[in-house]
Amino acid sequence: MEFKQEWYEGAREAQKRAYTPYSKFNVGAYLVTKDGKAYYGANIENAAYPSTICAERSALVAAMSDGYRPGDFKCITVTVDADKPSSPCGTCRQVLKELCDDDMPVFLTHQTNERIETTVNELLPLGFSGKDLE
Ligand code: THU
């Protein structure tokens, strides 16, 4: 999939909305739907640290709460301020697996626009899913 600059800009905009009094590590996510909408996600931290919600899950939960369902998502772009792109945590990989197509592109960026292009399946090969419960 050809990357669009507006996806990077969306992730940078989302990042501005992060609430990170503890880590000060701001993450932005920009989730694009197949029908052309987009959702911002930012990491929202909590004094009880494990209650923090990552940017990727924030974007997915916003879209799902607006009525989107698995199969509706086209790609997600994530951005951080670091010397290299960072990669979704294990919990986010599991939620991506649940809600997104296995081959959905995941674009990992940082402030210089260097980019890693991967997919949900590459991030969580042999992942557990609803199919395992059938
Ligand atoms: N974080 C994300 O938002 N996404 C990730 O995939 C990795 C980590 C956040 C959680 C926490 O607010 C901060 O980055 C430092 O771990």
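User: What radius of gyration does the protein chain have, against that of a compact globule with 134 residues?
Analyst: This is a predicted model, where local features need pLDDT of at least 70, side-chain atom pairs count only at pLDDT 80 or more, and totals for chains, interfaces and linings use all residues. The radius is taken over C-alpha atoms, and the globule rule is 2.2 Å times the number of residues to the power 0.38. For 134 residues the rule puts a compact globule near 14 Å, so the chain agrees with it at 14 Å.

User: What share of the contacts with a separation of 6 or more joins residues 24 or more positions apart?
Analyst: Contact means heavy atoms within 4.5 Å. Residues are numbered from 1 along each chain as its sequence is written, and side-chain values use heavy atoms, with hydrogens and water left out. In the protein chain, the share from residues 24 or more positions apart is 63%.

User: Is E56 buried or exposed?
Analyst: UniProt lists E56 for "active site" in an unreviewed entry; such annotations may be inferred rather than shown by experiment, and positions are given in the numbering used here, with feature names shortened. The residue is found in helix 2 (residues 55–65). Buried means under 20% relative accessible area, exposed over 50%, partly exposed in between (1.4 Å probe, protein chains only). At 6%, E56 is therefore buried.

User: Which residues does E56 touch, not counting those up to four places away in sequence?
Analyst: E56 sits in helix 2. Leaving out residues up to four places away, its contacts are A29, I76, V78, P88 and C92.

User: Against which elements do the buried residues of helix 3 pack?
Analyst: Helix 3 spans residues 90–99, and its buried residues are C92, L96, K97 and L99. C92 is also among the residues that E56 touches. The buried residues of helix 3 pack against helix 2, strand 3 (73–80) and helix 4 (120–123).

User: Where is Y19 found?
Analyst: At 44% relative accessibility, Y19 counts as partly exposed. Y19 is found in the loop between helix 1 (5–15) and strand 1 (27–33).

Definitions and conventions: Helices (H or I, at least four residues) and strands (E, at least two) are DSSP runs, numbered from the N terminus.
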